[in-house]
Every structure is written in C-alpha cells, then in structure tokens.
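Please describe this model for someone meeting it for the first time. Cover a pocket and some helix packing.

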Amino acid sequence: MTDRKPHLDSLAVTLLVGCCFLWGLNQVAAKAALPEVPALHQAAVRSAGGALLVWLWALARGIRLFDRDGTLPGGLLAGALFALEFGCIFVGLQFTTASRMVVFIYLAPFVVALGMPFIARSERLSATQLAGLVAAFAGVAWAFAEGFTQPAAGERQWLGDALGVAAGVLWGATTLAIRGSRLTAASAEKTLLYQLAVSGVLLSVAATLSGAPLPGRLSLLAWSSLGFQVVIVSFASYLLWFWLMRHYPATRLAAFTLLTPVFGLLLGALLLGEPITPRLIVALVTVAGGIVLVNRSPQPRMRLTSDVVE
C-alpha cells in the first residue's frame, strides 16, 4: 500500500501548479493548430499518440495491462465517453474561444457531484454542496447567454459554448463510469490506456468519415502543438496527476485544479488575443466558488477530481 501524506508539501504544490498551467495551455495549443490540423484529426492524434506512450511506459516498468480482470465493459464505456468529450472540445474550439472552452468544461466536477449518490448511496449532497452547484450553473448559464446577445468569437459562438458544456458533462460522466465499474480498482496506467486507446480508434474513424483533408505540410507551430498535446499533456501530465492522487489527499488536490481555468483564461488572452468578458469572469468565479463549497463540506466526502484532467 502507498503511504498517503496528510498535507501538500512544496513538491506537491510545485507539481500541481505546473500541471494546471499545462492543462490551461492545452486548449490554447489545440486552438492554435486548428487552421492547419482539422479538429477530429487533431483529437485522434492526441489520443492515439498518448495511448502508445502509456503502453511503452507500462511495458518498460513491467506493469501488466492485459490481464482479464472484468474491467473491459467499464473500459470500453469510459473510452467511448472520452472520445465524445474530446470530439466536442476540438469541434467546439472552431466556434468559440479557448478561454471560454476551458471554463465550460469545468462543469465536470458538478456532474460527478450530482451522479455519485446514484453510485454510492452514502455520498449525498448537503445544503452547502447544493448551493455551490446552483451558483456555478447560474454563472455558466449567464456567460452562455452571451453567445446569443454579444458573441465575441463570431455568430456561432453559442454552438462552441454548447459543445464545451457537453464536453464538461461527458468528462463528468467518464469519471462516474470509472467510479461505478471495476476500473475503480485498476491501475492508473490501465485506466488511462483504456480511455486513450478506445478514443483514439473512435476519433480516427470519425476523422476519416468527416472527410476533412489533411495538410501536406505542417508548420513548426502545428508540430509543436501536437507534440505538446501528446507527450506533455496526454502522457506525462496525466501520469504525474495519478502519482499525486496516490500520495496526497484528493480533496486538497481538487482545490488546486481551480487554477486550470484561470491559466486557460489568461493564456488565451495573452497568446491568442482572445477577449475576456465580464460574464466569462463571473462564470469562472462562480465555478471556482462552487467547487470550493462542494469540497469544503465534510459530510459526505466526495472525490470531485476527475480520473483524467483536461
């Protein structure tokens, strides 16, 4: 058994801030590559490349991935939901900003909060948790309405925003699928490989059926974006997150993930020149505040961190 430290030390805090920065930058990198690499092709490369690296990592460390342990049904479901989630993210980025996308997908923890009582009856929502949920959804709904009245990213911003909300719901559903199946007892590498490998296959099929042409040549920016998404985010940062989950309190780790949409908002404005509207800031604050309220409630204790972070 791995000893779990009761508090976050300086190493954990440093690694967490670094991960949140990378996850916030991920949406910006994907958006930057869209003019050259079609959305679904980009998502497929991300998943397939990450799956290959996870398999090589497990092979080098002698981690068994293919034992018959009853995880296949849950793994296929989690992988399919993961594919739908990233399909929504990458297609949605064509219509909305990376800054807005990273805020909307962080509805996922609230989907987990709503769904966990159906998986574990002991995990009921308290009045404080319900208040956090209502505040977060109200803030996001107010920001979403901006896509109809004052769209900053174009007339179809509402579609990109809707796909961002759908991605957040799917992310939460993926976590619930893992928590409600035998995957909950599987190794981090096996759980991650299911999600990346299954989504890689499904997204590759979807990309082929979409008929979007692949460019004959990619710029350094596009190659850098793809390499960053595959090696740094899908492989390295996810495995690092699982290591932190094994060694530190999950609820304390959850609080730090609030930095991800903050970094995403700032990096989108700095690197892509995206506008930061007052409504989007309100949505960010209410989502962050809602997660804090849900995690501060001592009873019942809920693990609101997703098994894979965006």
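## A pocket and its lining

A pocket here is an open set of points on a 1 Å grid over the protein atoms alone, where a 1.4 Å probe fits, with protein on both sides within 12 Å along at least five of seven lines; lining residues have an atom within 4 Å of a point. This is a predicted model: local features need pLDDT of at least 70, side-chain atom pairs count only at pLDDT 80 or more, and totals for chains, interfaces and linings use all residues. Residues are numbered from 1 along each chain as its sequence is written, and side-chain values use heavy atoms, with hydrogens and water left out.

The second largest pocket holds about 180 Å³ of space, a volume being the space filled by probe spheres set on points joined across faces, edges and corners. Its lining is made of Leu65, Phe66, Asp67, Arg68, Asp69, Gly70, Thr71, Leu72, Lys190, Leu193 and Tyr194. Helix H8 (residues 188–210) gives the largest share, three residues. Helices are DSSP runs (H or I, at least four residues), numbered from the N terminus. By type, the lining has five nonpolar, two polar and four charged residues. Ala, Val, Leu, Ile, Met, Phe, Trp, Tyr, Cys and Pro count as nonpolar, Asp, Glu, Lys and Arg as charged, and the others, Gly among them, as polar.

## H1 against H11

Helix H1 (residues 10–33) and helix H11 (residues 259–272) have axes that come within 8 Å and cross at roughly 45°. Axes are lines fitted to C-alpha atoms over the stretch in contact, and angles run from 0 to 180 degrees between N-to-C directions. H1 and H11 are therefore oblique to each other. Angles under 35 degrees count as roughly parallel, over 145 as roughly antiparallel, 65 to 115 as roughly perpendicular and the rest as oblique.

Residues in this contact include Phe21 and Trp23 of H1 and Phe263 of H11. Contact means heavy atoms within 4.5 Å. The residues divide into twelve nonpolar, four polar and one charged.

## H3 against H7

The axes of helix H3 (residues 72–92) and helix H7 (residues 157–179) come within 8 Å and cross at roughly 160°. That makes H3 roughly antiparallel to H7.

Among the residues that meet are Phe82 and Glu85 in H3 and Trp171 and Thr174 in H7. This contact has 16 nonpolar, three polar and one charged residue.

## H2 against H9

Helix H2 (residues 39–61) packs on helix H9 (residues 220–247) at an angle of about 45°, with axes 9 Å apart. That makes H2 oblique to H9.

Arg46 and Trp57 are among the H2 residues here, and they face a set in H9 including Phe235 and Tyr238. Eleven nonpolar, six polar and one charged residue make up the contact.

Conventions: Helix = DSSP H or I, 4+ residues; strand = E, 2+ residues; numbered from the N terminus.
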